[in-house]
Amino acid sequence: MTGMRPRNCSAPTRSLSPISCVLIAWGKSDAKRGVISWVVPGRRPSSDDKAYVTSQDVIDNYTNNGVKDWDKVLPNSGTIHLSVSNSTLNKFANTVAKESSGDKNESYALASAIVNTSEHREKLIQKTLETEGIHGYKDGGNNPNYKQNAEYSREASINALTGGVDFSYGAIRWDGFDLAAKGFGHIKAKTYGIELSEDNFKLFKDAWPDALIKSFSGGKFTSFSSDFSSGIHLATDGINKGRCLLLATGVHGRTVFWGINMSPALKLEKPIPIPFPFPHYIGYRNPNEGFNRWKSL
């Protein structure tokens, strides 16, 4: 079993900016907003369902009298053939948009966390979207039609797929409203155990004022959970009772992101069971840089 590819938490590994790059997609014309999109008429049937990213400079270099030579653009070293189909890219972006509150860093972190999860689970992006219980995918993200760059979702997806900055700092899970409303009654707190720094807890609490909790839940919940605080909360149920397996790697927008906690804070009196609930990998926390180093079990 191979180890997880370390994600870059400081600088992109590619020179293409997801904000200014050009997406070349086979299919219906996409609205040009945020990320420019080209559709190649007559070049290939839309059933090929491929997606590439490149720079406008590459396209301009192979444009003569307004005619673009795609046979030279696509194999150019400045063009990247994405590892997902165009329809999967659209579902990925639409899922990010559904999960995000609209904060740009939040969208980038969500896309990063989905890619981290796919690598961690050794699944393709499409299978990750379908099988990892991502609410935004079931709530409309599974639509293969491109919905523009809503909530920065298209550029965030391209950033994550091309090895750009990991805004989630290695996270493989995330939470929003349910955690704010339920606190330590949330399933992750009860069955995995969670740890949040004071700063992350404050950011998360500030993102969920009582009025928003009430409106978001239709009155079912009226305030941020009083049974919730920073620090280490050990799991209270299941095989991980007495353990703290999830570490908050950061908060963006209304979302807190979780990595696997293998810091000394676990203070385990018994070994972690095999199979581990998040199998195959151990992560090490760096307080300054986030959760960004991995090795195989």
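Guide: A helix crossing is left-handed if the near helix is turned anticlockwise from the far one by less than a right angle, and right-handed if it is turned clockwise. What you see is a predicted model, in which local features need pLDDT of at least 70 and side-chain atom pairs count only at pLDDT 80 or more, whereas totals for chains, interfaces and linings use all residues. Residues are numbered from 1 along each chain as its sequence is written, and side-chain values use heavy atoms, with hydrogens and water left out.

Visitor: How many helices and strands does the chain have?
Guide: Helices (H or I, at least four residues) and strands (E, at least two) are DSSP runs, numbered from the N terminus. On that basis the secondary structure of the chain amounts to 11 helices and 13 strands.

Visitor: Which orientation do H3 and H4 have to each other, and which hand has their crossing?
Guide: Axes are lines fitted to C-alpha atoms, for helices over the stretch in contact, with angles running from 0 to 180 degrees between N-to-C directions. The axes of H3 (residues 86–99) and H4 (residues 104–120) come within 9 Å and cross at roughly 125°. Angles under 35 degrees count as roughly parallel, over 145 as roughly antiparallel, 65 to 115 as roughly perpendicular and the rest as oblique. H3 and H4 are therefore oblique to each other, and the crossing of H3 with H4 is right-handed.

Visitor: Which residues of H3 meet H7?
Guide: The axes of H3 and H7 (residues 153–161) come within 8 Å and cross at roughly 115°, and this crossing is right-handed. On the H7 side the meeting involves Ser-153, Arg-154, Ser-157 and Leu-161, in contact (heavy atoms within 4.5 Å) with their partners. Those partners in H3 are Leu-89, Asn-90, Phe-92, Ala-93, Val-96 and Ala-97.

Visitor: What is the phi of Tyr-152, and where is Tyr-152 found?
Guide: At 34% relative accessibility, Tyr-152 counts as partly exposed. The phi of Tyr-152, positive in a residue other than glycine, is near 65°. Tyr-152 is found in the loop between H6 (135–141) and H7.

Visitor: How many Å apart in space are Leu-234 and Tyr-192?
Guide: Leu-234 is in the loop between S9 (231–233) and S10 (246–252), and with a relative accessible area of 36% Leu-234 is partly exposed. Apart from neighbours within four places in sequence, Leu-234 is in contact with Ala-189, Gly-193, Gly-242, Arg-243 and Cys-244. Leu-234 and Tyr-192 are 42 residues apart in sequence, while their C-alpha to C-alpha distance in space is 7.5 Å.

Methods. Buried means under 20% relative accessible area, exposed over 50%, partly exposed in between (1.4 Å probe, protein chains only).
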